[in-house]
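Reader: I am new to this structure. Could you walk me through a few of the terms used for it?

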Amino acid sequence: MSQCVECGAVLSVPICCDHCGAIFDPQPGTDHFSLLGFSRAYALDEERLAQNFRRLTAKVHPDRHAQRSEEVQARATRLTADLNRAYAVLSDGVRRADYLLELTGGPTAAEERGVPGDLLAEVMEVREALEQARGVGDRRTIERLRQVNESKRRQTLDEIAALASGIETASVRQRRRLRLLLNALRYFENLTTELV
Amino acid sequence: MKRDGDIIVGVDLGTTNSLVAFADAAGPRLIAGEGGEDDVIVPSFVRFEADGRTIVGKGARDHAVEHPLETVYSIKRLMGRGTADLAEEVRRLPYRVEKLSGAEGRDVAAVAAGGRMWTPPQVSALILAELKRRAEAHFGCDVTKAVITVPAHFDDAQRQATRDAGVIAGLEVVRIVNEPTAAALAYGLDRSASATIAVYDFGGGTFDISLLRVEGGVFEVLAVDGDTHLGGDDLDRTLIDLFSREIREQSGHDIDSPVIRQQLRSLAEAVKVRLSEEDRTSVEIAVGGAFTYRRQVTKAELEALIAPFVDRTLEACRRALKAAKRSASEVAEVVLVGGSTRVPLVRRAVGELFGRRPYTALNPEHVVALGAAVQASILAGRRQDLLLLDVTPLSLGIETLGGAVGKLIGANTRVPCKAVETFTTFQDGQTAVKINVLQGERELAADCRSLGMFELRGIPPMPAGIPKVEVTFLIDANGILNVSAREVRSGAEASIQIVPSHGLTREEVRRMQHEAIEHAREDMSAHHLIDVRATVEFDLNKAERMIREHGVLLAPADRASLSEAAAALRALARESSDARLINEHREAFNRRLIPLAEKALTAALKT
């Protein structure tokens, strides 16, 4: 842990000093986890995450530094933007998994655009069935399709969580699998909005 | 005047009314004008006189009917807008709105009044200057800093325009705060345990719904929705349209004129207000010729007319609930803000949607200014126990190839927030790249609002596709976009030239600020001149009476020269506009009068 350049106190988080209230730009390479006082891992205590976010925001927010120099005000704005982004990513399980995958070497969404096996064919089948059911006003079939889609979405989320939890020791195949699953979510979500 | 840097006032710059407030240790209080404690509202009306003078507030509002072309109101609806946006609106306004000339590549609406063009920030600045003057009279020192509120749904151009108005009025706008958030602060709806509250803000020209999570002094906005062109003006307009249609049908004439428009507007507003208390009311309006329009209006009739607008507000509430991932029943408190929430139908509809009686302990027309004052006290460092965390109301994106929108920051993202995007060149040696920055939720660039063209310059000449320009889009705590750029390979700061689509350039704002100072000085000297002339007239009348009654006490030559001097002073006061010169001559004349005054006094004592 580093020390505060203003007062010398040991810093518990890299962006502000609990002791004197000074705020600092984080070292290059500071990730969302360390910014919010967490180690790099998928499993985290969401309650503590929210608490840390609020506590840090209360210290670095520009409203708290409105009487300081323009330089400090600009820094406060940057830091709060960083905190907001980090919190938005980490407080969402899917974004957290995606971020963790990227952070530990990918593949990123840009590098691997694929989805698991027959997902696209399945989605097309669901769409066809939906169109037919709509044509004859078959509410029950639509409801069944919705339930199936929802359960597949949940299964995918569970598998994402399991793979992301073991990211440190994951094989290349498992990492790729995680990427494909993350890419797949969009299809399930699109279907969710269609299946009403 | 002494300066006090600690004074930051809170300003509600409203469509219909504007207010200024200040919060000290005892809490926030509205600052009143000369009319006494209840004189806290400055109607957002400005009249432009032919001689260049401007009249702000009640004086302008109360004579709007006699001066339809010169009286500007609802200027907030024009802020940050172009004439293309306002085509529909402008047809109904009695005053003239035109495209600002000399603004190539931009569409900035401006008002033509008093023989010149006024941009909306300039008009708003006149209202702000009046509020500033009130605050300065109250504190007895300069007031140069303010927190100004805007509808939560205001886009970047509208926020910029508001800040520009502050600058032109000589105010440093320390923070732009969203109106519903300010209202939540004023209500102090703080809880020790976490609770969700809704602020339903239906004003003169805009509608906002905000959902907040409050806990331990932190007011965290979860989602906002709304419409910057939906307000009491629209409710009034349903009546205006009804009346004008019937007048046309019954009189057989199209009687549209600026005077009639302004008369109908005042009438419609009065009817709406009366029907908030009563079940029926009658209207009567002489529209020229022998024809007088008379009619009864019932509350039910009004409610049928305005129901579609109220429904639109409820739609926005539902969207906001969805974005905040909350159900209506989870909302612990609903706060009403804005004059339009006095309409009984509005209260009923909101109560039904949230399944609870809305909270209205504070005056809905005062609460925003009070909240702005609380936020000002936070920024001044006097309140450490409160903190506002707000969101950006609209998605931010850039136009990509083929006219699509590449989204950078989503709506309802906490501010400040930032996104970084890398751009490159398409041609060898290209040194500049143009980016169209957009705000809105639609898929196509053409359906979103362009904030402006951002031109990156100073890219080192390299083969096509090689330069990597990293552009940082940062939305600050005011909800205003700041853009910076850097060429990654060379590390060179790229400069950014911004042509706002509907806004003013910095140079224009600076020029307008100087103009405003000049204008205020002229205004002041005009007032001063009037005062000096009045004093001259008063002194001359007194002197002439003395010459008439006691002139016999002087030698005839002295008496004649004194009369001549009086005539000369009167001529000077009439012809010169140099107040100081006139005043010097007045004083000199009064000194010449002293011997006669003394003789008159001695004579009086003798008898």
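Reader: What makes A:E71 count as buried, exposed or partly exposed?

Author: Happy to start there! Buried means under 20% relative accessible area, exposed over 50%, and partly exposed in between (1.4 Å probe, protein chains only). A:E71 has a relative accessible area of 57%, so A:E71 is exposed. One thing to keep in mind: this is a predicted model, where local features need pLDDT of at least 70, side-chain atom pairs count only at pLDDT 80 or more, and totals for chains, interfaces and linings use all residues. Residues are numbered from 1 along each chain as its sequence is written, chains are lettered from A and ligands numbered from 1 in the order in which they are written, and side-chain values use heavy atoms, leaving out hydrogens and water.

Reader: Why is the contact between A:E71 and A:R75 called a salt bridge?

Author: The term asks for a side-chain nitrogen of Lys or Arg within 4 Å of a carboxyl oxygen of Asp or Glu. Here the N to O distance is 3.1 Å, so the pair qualifies. A:R75 itself is buried, at 17% relative accessible area.

Reader: How do you know that A:R78 and A:D25 form a salt bridge?

Author: Their closest N and O atoms are 2.7 Å apart.
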